[in-house]
Structures are given as structure tokens and as C-alpha cells.
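Welcome! Here is a short briefing to read alongside the sequence and the 3D view.

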Amino acid sequence: MDDINVEQQEPLPVDRDGRQWGTEEDQPDGGKKPGCCERFQQTVSKWMLPEDLRSKYLGRTNCCPPPIFIILISIAELAVFIYYAVWKPQKQWVTLEQGIWKSPLTYKPERREEAWRFVSYMFVHAGVEHIVGNLLMQLLLGIPLELVHKGFEVGMVYLAGVLAGSLASSIFDPRSALVGASGGVYALIGGYFMNAIVNFREMIPLLGVFRILVIVIIVGTDFGFAFYRRFAASEEGLQVSFVAHFGGIVAGMTIGYVFFSAYNKKLLKDPRFWLCIVAYVIFVLFAVLFNIFLSPAP
């Protein structure tokens with residue numbers, strides 16, 4: 001038998017402990033490179049979760065099913081906007097006119113006895129800038145949130161923000177109409193902001209600072225435009241309330257805080273969950289009674 005020259009053999013790959021991998025099956029993940037879905041999930045985990053929870057998330061998650069709630073609600077809002085833009089020819093799509101103000105979906109203070117308007121206003125938007133801004137924000141935030149958390153949780157936070165926005169507007173700006181999904185969008189922003197604050201120490205420091213800074217800049221800029229449109233811009237027609245932004249972000253920082261600040265925990269055993277739920281229910285009951293007995297709106 002011929003002697004084997006060990007020095008001339010191709011070296012076998014070794015792992016970090018010096019153990020050799022003899023076959024492709026012995027290599028991690030079978031030697032396969034992560035696909036687009038896996039790479040996307042890894043990026044999402046870095047943005048949404050502290051390091052000690054990422055491996056558990058990546059071991060459980062996949063792209064099926066996709067984030068259904070936030071995608072469907074965005075399609076519905078876009079469809080309603082297109083319907084009103086085409087149904088009544090507009091002078092410009094930047095700001096729609098009679099189509100949305102006569103809509104049975106728009107919240108109007110004199111029609112507040114039609115209770116569905118406190119939620120349905122989220123489907124109606126005042127123009128291209130309005131719909132595009134809301135869709136971009138809720139997709140950029142909602143998709144990662146729904147991938148990490150359940151669609152039910154994201155839906156609850158989003159709708160809680162929509163309802164809190166209209167109820168807050170009916171109390172603090174009772175004579176103004178309301179359109180747009182800003183209440184739901186700001187609920188997602190508020191929940192994500194609390195996620196960034198609570199998990200700040202466990203995240204990469206620069207990433208944590210960047211997340212908080214981006215949220216502050218976006219919220220500050222949008223609030224500035226909202227104040228300008230409400231008080232400085234001279235536009236004919238109904239005045240659109242900006243208070244829904246406040247109601248939505250407060251709902252996100254309470255309800256969203258409980259849902260989004262922790263991953264893979266049983267909420268029913270968390271006293272913070274019940275505290276936030278009770279506070280939200282008390283606010284809703286107060287707003288309902290205010291609209292029935294105390295509102296100065298017609």
C-alpha cells in the first residue's frame with residue numbers, strides 16, 4: 001500500500017473549536033447561504049429585539065404567513081382614496097374636496113351619533129401627501145412589528161390608536177372634522193418608541209440612539225405641519241383636527257408599550273397589561289359620556 005503524504009492533502013474545514021467538518025451536511029445549515037427571507041428576518045430582529053431574544057425569534061419565525069393585517073388595512077385605505085379621487089373629478093389630487101367631506105366614513109362633529117365614524121374616518125384621506133405619508137409610515141413600522149409580534153396585537157394597537165384619536169379630537173377639538181389614519185400610525189410610532197426606550201440598554205448603542213432620534217424628528221416634523229394646516233393655512237371648508245395625533249401616540253405609548261416592549265411573554269399575567277387596558281376603557285367611557293352630555297358641538 002502506498003504511503004499517504006498528509007502534507008499534500010487538502011485541509012478539511014474546521015469550526016471555531018478546531019473540529020473538522022468532514023461533509024457538507026456537517027457544516028452549519030448544510031453549507032447553505034441564508035435566503036432573502038432569512039436575511040430580512042435577521043435585519044428585523046436587530047431593529048426590534050435585544051440580542052438575547054434574537055435567536056429564539058429567528059428559530060421560530062418565517063415569512064409565511066406574511067404580515068396580513070397591516071397589508072390589508074393599507075390596501076383598503078388606498079382603495080378608498082382612489083375611489084373618492086376618481087368618483088368625483090377633482091381640481092387636484094393633492095387636496096380632495098367635496099368627495100371626502102360628504103363621505104359617510106368621515107368623522108364630522110354634527111354626525112357623531114353615527115358611531116362608526118369614530119373608526120371609519122381612518123379610510124378617508126385629504127390628498128396624495130396625506131395618504132402617501134400614512135401608508136409609508138405604517139408599512140415601514142407595521143410590517144416589522146407584525147413579523148415580530150402577532151397580527152392580532154398590531155391590529156389591537158392600531159385600532160386603539162384610531163379610536164383614541166377620534167375620541168380625543170371630539171373632546172379637545174370638538175368642532176373639527178377628522179380624516180386619515182394618523183391615529184393608528186401614531187399608535188404604532190408610540191409603541192415602537194417605547195420598545196426603543198425599554199430595550200435601549202440591550203440594543204446596540206448607536207442603533208438605539210438612531211431609532212429614538214428618527215422617531216423624534218418624524219413626529220416633530222409631522223406635528224409642525226399639522227399645527228400649520230390647522231391654525232396658519234387659510235383653506236376653505238371644514239377644519240381638520242390634529243388632536244388625533246396626540247390620542248394615537250398616547251394610546252401607542254400605553255397599549256403599544258405592553259404589546260411591543262416584550263417578546264414571547266404572557267400578557268394576561270402582566271399587571272401592566274391590565275393597568276393599561278383599564279385606563280384605556282375609562283378614557284373611552286369618559287369620552288362617550290362627554291359626547292352625549294357635554295360636547296359643545298352641534
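This is a predicted model: local features need pLDDT of at least 70, side-chain atom pairs count only at pLDDT 80 or more; totals for chains, interfaces and linings use all residues.

## An overview of the fold

**The protein as a whole**

- The protein has 298 residues, and 45% of them are buried.
- Its accessible surface comes to about 17,300 Å², and carbon and sulfur atoms account for 65% of that area.
- Take the contacts between residues at least 6 apart in sequence: 70% of these join residues at least 24 apart.

**Where α7 meets α11**

- Helix α7 covers residues 151-172 and helix α11 covers residues 271-294; their axes lie 10 Å apart, at an angle of about 40 degrees.
- Because of that angle, α7 counts as oblique to α11.
- The crossing of α7 past α11 is left-handed.
- On the α7 side, the residues in contact are L159, A160, L163, A164, L167, A168, S170 and I171.
- Their partners on the α11 side are Y280, F283, V284, F286, A287, F290 and N291.
- Sorted by class, this contact between α7 and α11 holds 13 nonpolar residues, two polar ones and no charged ones.

**Where α8 meets α10**

- Helix α8 spans residues 182-198, and its axis comes within 6 Å of the α10 axis, crossing at roughly 45 degrees.
- The two helices, α8 and α10, are therefore oblique to each other.
- Here the crossing of α8 past α10 is right-handed.
- From α8, the contact draws on S182, G183, Y186, A187, L188, G190, G191, Y192, F193, M194, N195 and V198.
- From α10, it draws on A244, H245, G248, I249, G252, M253, G256, Y257 and F260.
- By class, the contact of α8 with α10 has twelve nonpolar, nine polar and no charged residues.

**A closer look at H245**

- Which helix holds H245? You can find this residue in α10, which runs over residues 243-260.
- Is H245 buried or exposed? With a relative accessible area of 6%, H245 is buried, because buried residues are those under 20%.
- Setting aside neighbours within four places in sequence, H245 touches S182, Y186, D222, F223 and A226.

Note on methods: Residues are numbered from 1 along each chain as its sequence is written. Side-chain values use heavy atoms; hydrogens and water are left out. Axes are lines fitted to C-alpha atoms, for helices over the stretch in contact, and angles run from 0 to 180 degrees between N-to-C directions. Helices (H or I, at least four residues) and strands (E, at least two) are DSSP runs, numbered from the N terminus. Angles under 35 degrees count as roughly parallel, over 145 as roughly antiparallel, 65 to 115 as roughly perpendicular and the rest as oblique. A crossing is left-handed if the near helix is turned anticlockwise from the far one by less than a right angle, and right-handed if clockwise. Contact means heavy atoms within 4.5 Å. Ala, Val, Leu, Ile, Met, Phe, Trp, Tyr, Cys and Pro count as nonpolar, Asp, Glu, Lys and Arg as charged, and the others, Gly among them, as polar. Buried means under 20% relative accessible area, exposed over 50%, partly exposed in between (1.4 Å probe, protein chains only). Accessible areas come from the Shrake-Rupley method with a 1.4 Å probe; for residues, only the protein chains shown count as cover.
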